[in-house]
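Trainee: Before we discuss the charged pairs and strands, may I see the sequence and the structure?

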Amino acid sequence: MYLLVQTFVVLAAATGVPASTAAADPGAGRVDALVLQARVAGLARSAAWLGLGHWRPTLWGGWKSEADGPAFFLAEEDGKHDPAAELEATIRAFFSREWVQTPDWLPAAGRAEDPGGEAVEGPGSERRPVSAAIAPWRVLPHPLCRFPARLAFLEDVLGIRQEELPQVVCPGLEEFRQAMSVTGVDLVFSSYYLNNPASAFGHTFLRIERAGSLVRGVRRDLLDFAIDFSADVDTRNSLAYVVKGLTGRFPGRFHRIPYYYKVREYSDYESRDIWEYQLALEKRQMDALVDHIWELGWTHFDYFYLDENCAYHILGAIDAVLPDLSLLEGLKSFVLPADTVKVLEAVDGLVTGVHYRPSLRTQFRARAAGMTRQEARAVLSLVSDPGTVLPAAFEAEQ
Amino acid sequence: MGKWLRGWCSGVGYTMNMAMEVSVKSVFHVVAAGMIALASSSSASATETTYGAAGCGLGSVLFGDEGGFVQVFAATTNGFFGNQTLGITFGTLNCGEGALDTVGARVFIEANREALAKDIARGSGETLSSLSALAGCADDAAVGATLQQHYTAIFPDQSVPADAVSDAIMTTLSDPALQCTDIG
């Protein structure tokens, strides 16, 4: 018996099962009462809850969540189409001391893909992959570790107290929050101007301003994190690419990546100017956004090139933590990345600052434009022969 | 329809003027290389095989082992979606966990090699300051000046492997006078 108990505790520590049973079990009565309270309050139809689950109304009067991964839903039946069932399941799951850690859609040990073809992964690394490949999740952490933004919402509106919940440890979530250590959020828009100055297509993603990027009073933006939504593309065939892109055959996911990668990619390699729109979020809202991004890391969204694209889902993530603004309603049926910037700018006081980061090419042009003929000639000769001796008239700095 | 296909969400054109773009880009890069006189690692040089072994940098992914502008072309034309060019996910980019969890100095150097070469050549710049901050150095200006002095040692020629560049920079930063506290 002792061995059994010990085994359970060890397992518990490894998977986020409540290691401590010291917390008082509020019992089924309390959970039922909360479920009833939520029902009476009509929480399942509140903008905040619908936003957190990315449910949108369907033409037939029902609901459908844009999230397409099974790990995003806790309701046994159909959380994707039933916000109320999902709400109830979420409340019960949060209080659960026993839950299914290996639902049958999880990949079997040793296989990277589940039967549906989706690699099940988390946004962090509670189980650290040894290689560069993403390790599949074979055991799901406790719902409290997976849905921190839902938890904060329910604590807020239902008065759930921390101490009545199972005491679970969430190393992955904590590591993610620590890595983000958010002090500010920017919507980043990158243009593409190379051949067609009249075009302003682009890409949008988020920049999470980290506390650690503030060094001796100066912000080093390059050290921030970018949160990007993009499709995992599995073909190089142009036709398949277009067809799959238009019909939602690519899974899109949220990724995090050091911001300097994005700057190098867009600004240097692709010669695209970058605009950063700082958002006036309260600290509470920033934390909620980071938590919600963590939640989104557990799922994928079928990527529809024309509407459910990067810009749409980035805005959707912001919308989830600012439900009162109804940001998504400001979008047209086809979403251009620039539209999301317009939507945010249309909200009074939401965008507090704009920072422009010219691409390497833009900088080069600006510098070249200021050159004398002699200087330009010297540069050209340097290009053809790096050993060229510069005219004596040039100062060392030039 | 044609308009839609021109790259929302990454905004990369899927049109016939790609060829022109590539040539514009290459000319631009070559001229830029001249601008930073002697900088060893321009994009032009990246089209040679030197970048294939870059390990962690953008270049290694962007140029892969195929090399050449063919790869840039492929990357560009496939760029409907944000990360197609890079394949960045939570744990990839040829770096395993490194690029993701620790925004460490060495990873930073490899990913920012070209921008660093430019900054080190002139002894200052955003990328250089960021490296200095990341490595916990006491004084950005001193770091800039010191690295600038060692420029030719760090970037001896175009074929210098990425590891050697990182090693040389890290060694330079380990000078006690710079008081860099976070260089592992």
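**Strand pairing and salt bridges**

Mentor: In β10(A), A:Tyr303 is the bridge partner of A:Phe250. The model is predicted, with local features needing pLDDT of at least 70, side-chain atom pairs counting only at pLDDT 80 or more, and totals for chains, interfaces and linings using all residues. Residues are numbered from 1 along each chain as its sequence is written, chains are lettered from A and ligands numbered from 1 in the order in which they are written, and side-chain values use heavy atoms, leaving out hydrogens and water.

Trainee: Over how many bridges do β7 (residues 225-231) and β8 of chain A pair?

Mentor: Strands are DSSP runs of E, at least two residues, and helices runs of H or I, at least four, numbered from the N terminus; two strands pair if DSSP finds at least two bridges between them. A:Ala231 stands opposite A:Gly252 in β8(A). The β7(A) and β8(A) strands pair in the antiparallel sense, and the number of bridges is seven.

Trainee: Is A:Arg220, which forms a salt bridge with B:Asp140, buried or exposed?

Mentor: A salt bridge places a side-chain nitrogen of Lys or Arg within 4 Å of a carboxyl oxygen of Asp or Glu; here the N to O distance is 2.7 Å. B:Asp140 lies in helix α9 of chain B and A:Arg220 in the loop between β6 and β7 of chain A, so the pair joins two chains. Buried means under 20% relative accessible area, exposed over 50%, and partly exposed in between (1.4 Å probe, protein chains only). Because its relative accessibility is 14%, A:Arg220 counts as buried.
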